[in-house]
Amino acid sequence: MSVKRVGILTAGGLAPCLSTAIGRLIERYTEVAPEIEIVCYTSGYKGLLLGDKIVVDADMRANAAVLYEHGGSPIGNSRVKLTNVADCEKRGLVQVGQNPLEVAANQLVKDQVDVLHTIGGDDTNTTAADLAAYLAENDYQLIVVGLPKTIDNDVFPIKQSLGAFTAAEEGAEYFENVVSEHNANPRMLIVHEVMGRSCGWLTAYTAKVYRERLAKRNFLPALGLSKERLDVHGIYVPEMAVDIKAEAARLSKIMDEQDNVNIFISEGAGLEEIIAEMEAAGEEVPRDAFGHAKLDAVNPGKWFGSQFAKLLNAEKVLIQKSGYYARAAASNNEDLALIKECADKAVEAALAGIGGVVGHDEDQNDELRAIEFPRIAGGKPFNIDEAWFDEVLAGIGQTKGTKVEVAH
C-alpha cells in the first residue's frame, strides 16, 4: 500500500519502552522511507479523539535517539476505551450521541493518516483491535500496527512484551535499598509489592534478578552483615495458591533466626479474596474505564502485610511498592535490543499493509510477526512451572503452591 503519513500514540500505564519505541519508529521510518510524514497524538486515545498532535519535524527526526535515554512517554498517555461511550462522554472526549470509534476514525482520515502505530498493553491493543475492526467494516483505508508494552508480560500470544526485562531489573535495584531497612527495627517484616494484576511473571523475575545481584555482593556475617538477612524469603503470585498458615510457620523460623523477613508479592495476589472482604464489609471497590479494580485502593501489599504480621509476631511492617519506580525507567540493553527488533518489524509490516500487534508469536514457533488483532488478549498467566522459578523457590526454601487459574 502507499503510505504517506503515519501516526503514533502511546496509551495505558507507563513501561520502560515507550520513549524508546517512539524514538526507534521515527528513526526507522527516516532510514527506510524519509518522505513519509509522522505525527504523534498526545495523551494516547484522548489526543486522537480531540485531534491533539505533534508533527515530527526534521530536527526531531535527527535527534530521535535522545528518546532512548529517557523513561516515560514524551507524547503522553491516558486510559481511554473507545467502546466505553459513557466514559468518553463523561470526560468530554466526544459529544453526547457520538460514537468514539467513529470520531477517532474520522480524525485519522482528516489528518490523512495511512498507518496508526499504537504502543501499549492489552487494553491499548484490544482498543486498537476495536478501532481496526471498525475501520475495516466501514471501508476506511487505514491500518493499525501495535507494539506490546506491558511490564506484566501478560499478553497472549506474545512471548515477551516490551519493557518487562527493564522493570524487573529496576525493581531489583529498588529493593536493594529498601531491604537495608531490615535492621532499623527488631522483628522487621518487609513486603515488596510488585506490579502484576493477573500475572506473577514480573514479581518472580524481579526476585530472580535481585537474588542474582545479591549473590555477587560481599558480606561480613560476624558483624551482622549476612546474605541470609538480605535474601528473599517468600514469593507470592496470583497463579500460585498460598497457604498462609503453613507459610507463616516456615517464615516464623526465619524471623526467629534472622530477626527479619522479606517477601515479594504481586499486586494481584489474593485480589479476589480482598475484594470479597471489602464488598462484604460494604466498601465500594473503585474501578477504571476498563472495569478493573483500582489496585491502589484495594492495596494487596497492606493486606498481606497485616496477615503475616500477626502470625510472625512482627514488631514493625514496612510495605514498599516498586511499580512507579520501575515502570518509568529508561530501557535497559536487553529491552533496547528487543524494542528495536520489534519496531523495525512494525515499520516493515506497515509498509506492506499488514495490521496487527508485533511480537514473537508463541503459537507460531516464536516467529516475529504482526499478530492478528483477534488473537491478542491480556491476562496471560505466568507459568509457575518454569525451571528458573523452581530454582528460585528452591533457593529460598519455599514449597511451590498448587497452580490456580487466574481470571482474565
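This report describes some helix packing and strand pairing in the structure shown above.

The structure is a predicted model, in which local features need pLDDT of at least 70 and side-chain atom pairs count only at pLDDT 80 or more, while totals for chains, interfaces and linings use all residues. Residues are numbered from 1 along each chain as its sequence is written, and side-chain values use heavy atoms, with hydrogens and water left out.

**Helix pairs**

Helices (H or I, at least four residues) and strands (E, at least two) are DSSP runs, numbered from the N terminus. Two packed helices are described by the angle between their axes and the distance between the axes. Here the axes are lines fitted to C-alpha atoms, for helices over the stretch in contact, and angles run from 0 to 180 degrees between N-to-C directions.

| Helix pair | Angle | Axis distance |
|---|---|---|
| α8 (residues 201–214) and α16 (residues 387–396) | about 60° | 10 Å |
| α5 (residues 100–110) and α6 (residues 122–137) | roughly 70° | within 10 Å |

Angles under 35 degrees count as roughly parallel, over 145 as roughly antiparallel, 65 to 115 as roughly perpendicular and the rest as oblique. Helices α8 and α16 are therefore oblique to each other, whereas α5 and α6 are therefore roughly perpendicular to each other.

Contact means heavy atoms within 4.5 Å. On the side of α8 the contact with α16 is made by W201, A204, Y205, K208 and R211, and on the side of α16 by W388, F389, V392, G395 and I396. These residues divide into seven nonpolar, one polar and two charged, where Ala, Val, Leu, Ile, Met, Phe, Trp, Tyr, Cys and Pro count as nonpolar, Asp, Glu, Lys and Arg as charged, and the others, Gly among them, as polar.

In the other pair, L101, E102, A104, A105 and L108 of α5 meet D130, L131, Y134 and L135 of α6, and this contact divides into seven nonpolar, no polar and two charged residues. Not counting residues up to four places away in sequence, Y134 touches N99, L101, E102, A105 and Y140. The C-alpha atoms of Y134 and L101 are separated by 6.9 Å, although the two residues are 33 residues apart along the chain.

**Strands and the helices across them**

Two strands pair if DSSP finds at least two bridges between them. An open sheet is formed by four strands in the order β7-β8-β6-β9, with parallel pairing, and its edge strands, β7 (234–236) and β9 (316–321), each pair on one side only. The twist of this sheet averages 20° from one strand to the next. Strand β7 is joined to β8 (residues 260–266) by three bridges, and G234 stands opposite I263 in β8. Helix α8 lies across β6, β7 and β8, running at about 140° to β8, while helix α7 (residues 164–178) lies across β6 (188–194), β8 and β9, running at about 160° to β6.

Elsewhere, strand β10 (residues 356–361) is mostly covered, with six of its six residues buried. Strand β5 (residues 143–148) pairs with β10 in the parallel sense over two bridges, and V145 stands opposite G356 in β10. Five bridges join β10 to β11 (residues 367–371), and these two strands run antiparallel. They form a hairpin with five residues between them, and N365 in the turn has a positive phi of about 55°.

Key. Buried means under 20% relative accessible area, exposed over 50%, partly exposed in between (1.4 Å probe, protein chains only).
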